Amino acid sequence: MTGTAHEGMTIWVVSDGRRGIENQALGLAEALEARLEGAVHIERVVARKDGFVTLPAESTPDIWIGCGRAAIPLARRQRRIFPDCVFVYVQDPRTRHNDFDLVIAPRHDRLTGANVLPMIGSPNRVTHDMLTTAKSAFSRELEAYASPRAAVLIGGDSKRFKLDNAAANYLETRLDSLLARDLSLMVTVSRRTPERVRDRFRERFADQDQVWYFDGDGPNPYFAFLAAADWIFVTEESTNMLVEACATGTPVYVLPLSGTPGKFARLHADLEARGAVRPYLGELDRWTYTPLLETQRVADQMLARVQVEPSSQTGRAA
């Protein structure tokens, strides 16, 4: 069916509130907003793991987009309350696929089903306009770091990867080699980065004139880093940061951690096949590729698959 748009469309973005989880659902919501005519209201819903839910006041969803395990049980309850709402889940809801009208799943998970829309990686918020706005917002700070610039996005421990001492040694050596090439570095760590690595890199790099080291203190320049970079370096374990980097059109290098990629090797292969990603072998190359706009593609497919109608109801539910 063809998606339609109406005045007063409401999209609920449902997660446990963690930025990396919420941004996936929010990225899809913003892509839908750009495609829907009339007013679109995006509302944030936080479903904590202990079962407490923070709901928007006087709001009824037309589209419900969840991401993260805390959102899964909430969908079944709210389907009964909002029977005309379109329920969408980002990632794999495990055994609860039938609770959703659509499941937006990473292609490397190899999930199949009539209601599954696969994509490379995960939805994200990166668009040309967002990057331009972010770069402008931090323009004064960026002036202190001369081109060429490299953004370095450091993740951390996951099920398959560890940012252990060996990996930290490797990353530090790579950063030193980039500084030796007279690059300015824009370095950011994530909430998964071990504290000992945060402290180590802060001590080693934060006071260097060529380095902007961000570890969560103050306004977040993450998107400005993506926008201002001539190259982007990303640790291999982070699906989100990899696809966000590849949405820019800027050359992306993958930095290894300790561990084995497993299914993520398929993601890396997809990104390499798109011409976005290369392993870093010590030389800086410049290349071009079409930015990875999977979020926008999936939003188009979603609106081609479901009928979206605005709700005339208001209220709250849990």
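Reply: Gladly! Let's start with residue classes: Ala, Val, Leu, Ile, Met, Phe, Trp, Tyr, Cys and Pro count as nonpolar, Asp, Glu, Lys and Arg as charged, and the others, Gly among them, as polar. By these classes, the lining of the largest pocket has 14 nonpolar, 15 polar and 19 charged residues. This is a predicted model, in which local features need pLDDT of at least 70 and side-chain atom pairs count only at pLDDT 80 or more, while totals for chains, interfaces and linings use all residues. Residues are numbered from 1 along each chain as its sequence is written, and side-chain values use heavy atoms, with hydrogens and water left out.

Me: What makes a residue part of the lining of the largest pocket, and which residues lie nearest its centre?

Reply: On a 1 Å grid over the protein atoms alone, a pocket is an open set of points where a 1.4 Å probe fits, with protein on both sides within 12 Å along at least five of seven lines; a lining residue has an atom within 4 Å of a point. The largest pocket is lined by 48 residues, and Arg18, Ile21, Gln24, Arg192 and Asn240 lie nearest its centre. Two or more lining residues come from each of helix H1 (19-35), strand S10 (184-189), helix H7 (222-228) and helix H8 (239-246). Helices (H or I, at least four residues) and strands (E, at least two) are DSSP runs, numbered from the N terminus. H1 gives the most to this lining, with five residues.

Me: What is the volume of the largest pocket?

Reply: The volume is about 1600 Å³. That is the space filled by probe spheres set on the grid points, which are joined across faces, edges and corners.

Me: Why is Trp64 called buried?

Reply: Buried means under 20% relative accessible area, exposed over 50%, and partly exposed in between (1.4 Å probe, protein chains only). Trp64 has a relative accessible area of 0%, so Trp64 is buried. Phe100 counts as buried too, because its relative accessibility is 3%.

Me: How many aromatic pairs are there, and why is the one between Trp64 and Phe100 called tilted?

Reply: The count comes to 13 aromatic pairs. Rings of Phe, Tyr and Trp (its six-membered ring) pair if their centres lie within 6.5 Å; planes under 30 degrees apart count as stacked, over 60 as edge-to-face and the rest as tilted. The ring centres of Trp64 and Phe100 are 6.1 Å apart and their planes are at 40°, so this pair is tilted. The pair links distant parts of the chain, 36 residues apart: Trp64 is in strand S4 (residues 63-67), and Phe100 is in the loop between strand S5 (86-90) and strand S6 (102-106). Trp64 and Phe100 also belong to one aromatic cluster with Phe87 and Tyr89.

Me: What makes the pair of Tyr253 and Tyr280 edge-to-face?

Reply: The angle between the planes is 70°, with 5.0 Å centre to centre. Tyr253 lies in strand S13 (residues 252-255) and Tyr280 in the loop between strand S15 (277-279) and helix H10 (294-305), so the pair ties together parts that are 27 residues apart in sequence. Tyr253 is buried at 2%, and Tyr280 is buried at 4%.

Me: Is Thr95 buried or exposed, and how do you know?

Reply: Thr95 has a relative accessible area of 75%, so Thr95 is exposed. Thr95 sits in the loop between S5 and S6. Gln91 is in the loop between S5 and S6 as well, but at 22% Gln91 counts as partly exposed.

Me: Why is Arg79 called partly exposed, and what is in contact with Arg79?

Reply: The relative accessible area of Arg79 is 26%, so Arg79 falls in the partly exposed class. Arg79 is in helix H2 (residues 72-81). Contact means heavy atoms within 4.5 Å. Leaving aside neighbours within four places in sequence, Arg79 is in contact with Phe87, Asp99, Phe100 and Asp101.

Me: What makes a nonpolar core, and which residues touch the most other members of the largest one?

Reply: A nonpolar core is a set of buried Ala, Val, Leu, Ile, Met, Phe, Trp, Tyr and Cys residues joined through side-chain atoms within 4.5 Å. The largest has 65 residues, of which Leu185, Ile232 and Phe233 touch the most other members. Not counting residues up to four places away in sequence, Leu185 touches Ala150, Leu175, Leu178, Leu179, Gln210, Val211 and Trp212. A second, separate core of 28 residues includes Leu26, Ala29, Ala31 and Val90.
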